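Open the model in your viewer and keep the selection tool ready. We will go from stop to stop, and at each one you select something and look.

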Amino acid sequence: MSAAARPGGKVTIAEVAQRAGVSKGAVSLAVNDKPGVSAATREKVLKAARELGWLPNQAAKSLSSASAQVSNVGLVIARPARMLGLEPFYMEFVSGIESVLAERSHSLLLRLVRDVREEIDVLDGWGRSKQISGSIMVDFTLDDPRVAAVGALHLPVIAVGHPDLTGGLPSVWTDDGAAVTEAVRYLAALGHRRLARVGGPATLGHSAIRSEAFARAVADLNLEPGRILPTDFSGEQGARATRALLASAQRPTAILYDNDIMAVAGLSVATEMGVSVPAELSLLAWDDSQLCRLTHPPLSAMSHDVFAFGAEVARRLMDLVDRGETEAGAVPTPVLVPRGTTARAR
């Protein structure tokens, strides 16, 4: 039915989307000749627009007030700005996200906040003002209050975390428990009997998963009970934890760190205390960033392509945005992204 023959007034973008079998966002990309849709989808949208008498210039007017909704993705991180600037993981993670968003002519809105309550307020403001078309959520805690809060916003969300932590939200995750278990087995195979772990905040879900896996693996291999020291991920607290471990009567012969900044700080402490690495002490960092390769000696690290992980997170979110899915019951199965174990024994 053309616009002239259609009773009730002008054709809407929603009707074009329904006729073409795509989302409103896909219609916007197609009629504005932007990347993010296939040639076949673009032709299908334009054909539906022609059949309904809906012209691209009319589309531009219809979409002018909604452009922010289809061109921004939100990411809120509860970390101090100075610490985040030193964290290779998030720099690579954000770069991976941006690589996908750039292909879709989307932008990333990044906000740093002090705590979860402030994050909820930011997400609520973004959702109510229609500033974002979807959001990426990180650093889940047990019984995380953000799950219920974002559910009320009816906003497409991808949770970066184990499904046990994300309350039914669509999630992309790595199997941290399996990675820790394999790392412990690797160190035990090298002859280590006394291990320790310098982790992140105990309140974070992924820290709890890693700690549980570490303790279980140590027990299963009949190693000496391993100490676990929580930190805030900073180099300062990583150094403090390492100093406490190396000064103890039962000094470990291997230490696993939850990030590379703490591992590098730990190496400095070991050197300061006259503990030879790797002759007397093995250090293993969680992510294999360039930072681990620039130390002397270079640090052993867990292999993980953080850039590719960020890109996969962004792709999954854009899939939800394109389909207009905001309810937990409509989302696909949580996506497990494989990660390696020890990248190099150094």
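Select Arg114. It has 73% relative accessibility, so Arg114 counts as exposed. The scale used here is relative accessible area with a 1.4 Å probe, protein chains only: buried is under 20%, exposed is over 50%, and partly exposed is in between. Arg114 forms a salt bridge with Glu118, and their closest N and O atoms are 2.9 Å apart. A salt bridge here means a side-chain nitrogen of Lys or Arg within 4 Å of a carboxyl oxygen of Asp or Glu. By that rule the count comes to 18 salt bridges.

A word on what is on screen: this is a predicted model, where local features need pLDDT of at least 70 and side-chain atom pairs count only at pLDDT 80 or more, while totals for chains, interfaces and linings use all residues. Residues are numbered from 1 along each chain as its sequence is written, and side-chain values use heavy atoms, leaving out hydrogens and water.

Next, select Asp144 and Arg146. They form a salt bridge, with the closest N and O atoms 2.9 Å apart. Are these two buried or exposed? Asp144 has 7% relative accessibility, so it counts as buried. Arg146, at 1%, counts as buried too. Arg146 lies over the face of Phe140, at 4.6 Å from the ring centre. For that label, NZ of Lys or CZ of Arg must be within 6 Å of the ring centre and within 35 degrees of the ring normal.

Select Arg210 and Trp286 for another case. Arg210 lies over the face of Trp286, at 4.0 Å from the ring centre. With Arg210, they are linked in a network of salt bridges.

Move to helix α10 (residues 205-220), which holds both Arg216 and Glu212. Helices (H or I, at least four residues) and strands (E, at least two) are DSSP runs, numbered from the N terminus. Arg216 and Glu212 are four residues apart, about one turn of the helix. They form a salt bridge, the closest N and O atoms being 3.4 Å apart. Arg216 is partly exposed, at 42%, and Glu212 is exposed, at 53%.

Now for rings. The structure holds four aromatic pairs. Select Tyr90 and Phe93: this pair is edge-to-face, 6.1 Å centre to centre, with 80° between the planes. Rings of Phe, Tyr and Trp (its six-membered ring) pair if their centres lie within 6.5 Å; planes under 30 degrees apart count as stacked, over 60 as edge-to-face and the rest as tilted. Both Tyr90 and Phe93 are buried. Phe89, Tyr90, Phe93 and Phe309 form one aromatic cluster.

Last stop: strand β1 (residues 72-77). Six of its six residues are buried, so β1 is largely enclosed by the rest of the structure. Asn72, Gly74 and Val76 cover one side, and Val73, Leu75 and Ile77 the other. Show strand β2 (residues 107-112). β1 and β2 pair in the parallel sense over six bridges; two strands pair if DSSP finds at least two bridges between them. Val73 stands opposite Leu108 in β2. Finally, show strand β3 (residues 134-137), which runs parallel to β1 and is joined to it by three bridges. There, Gly74 has Ser135 as its bridge partner.
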